[in-house]
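Visitor: I have some labels to check. Can you take me through the terms and what backs them?

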Amino acid sequence: MNCKPHSDNFLFLNTGADSASSQWIEYTFVYTDKKYDTTLTLIYLPHLDYSQQKFGPDISKIGAHLEKEDKIDEGLIYYYSKTGAKIILLSEYGIGPVLNYWILVPQKHLRLPITRLHTLI
């Protein structure tokens with residue numbers, strides 16, 4: 001595993017996250033575990049959640065993203081299973097399809113003068 005340090009936090013802490021972001025995080029945690037023999041490790045891989053946030057639960061749109069993430073997860077699971085760690089996989093989100101919806105854009109209303117905002121409420 002050979003990864004360069006991330007110089008742009010936006011690329012792995014925002015919707016700009018991709019599989020390279022998760023690979024960097026994997027490298028960092030494996031390196032840290034080998035160096036310090038940690039007893040508790042909590043790892044968040046943003047790529048999995050962000051693809052669902054961008055595209056929703058439609059597997060035809062997120063399938064390729066999930067396959068890349070599975071390969072990264074597989075490497076982490078393999079490494080930590082060799083250490084005897086108890087592994088628990090979780091997702092931060094439970095994303096489902098939206099059938100009927102309306103959009104609220106509070107930023108748009110917050111830019112209005114207070115008197116105009118009051119009449120909208």
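Guide: Here is how the labels apply to this chain.

Guide: This is a predicted model, where local features need pLDDT of at least 70, side-chain atom pairs count only at pLDDT 80 or more, and totals for chains, interfaces and linings use all residues. Numbering runs from 1 along each chain as its sequence is written, and side-chain values use heavy atoms, with hydrogens and water left out.

Visitor: What makes up the secondary structure of the protein chain?

Guide: Six helices and zero strands. Helices (H or I, at least four residues) and strands (E, at least two) are DSSP runs, numbered from the N terminus.

Visitor: Why is I77 called partly exposed?

Guide: Buried means under 20% relative accessible area, exposed over 50%, partly exposed in between (1.4 Å probe, protein chains only). I77 has 32%, so it is partly exposed. I77 is found in helix α4 (residues 59–82).

Visitor: Which residues form the largest nonpolar core?

Guide: W24, I25, V30, L45, I72, L76, Y79 and Y80. α4 gives the most to this core, with four residues. The term covers buried Ala, Val, Leu, Ile, Met, Phe, Trp, Tyr and Cys residues joined through side-chain atoms within 4.5 Å.

Visitor: What is I72 in contact with, leaving aside its neighbours within four places in sequence?

Guide: S19, S22, Q23, E26 and L45. Contact means heavy atoms within 4.5 Å.

Visitor: How much of the protein chain is buried?

Guide: Buried residues make up 23% of its 121 residues.
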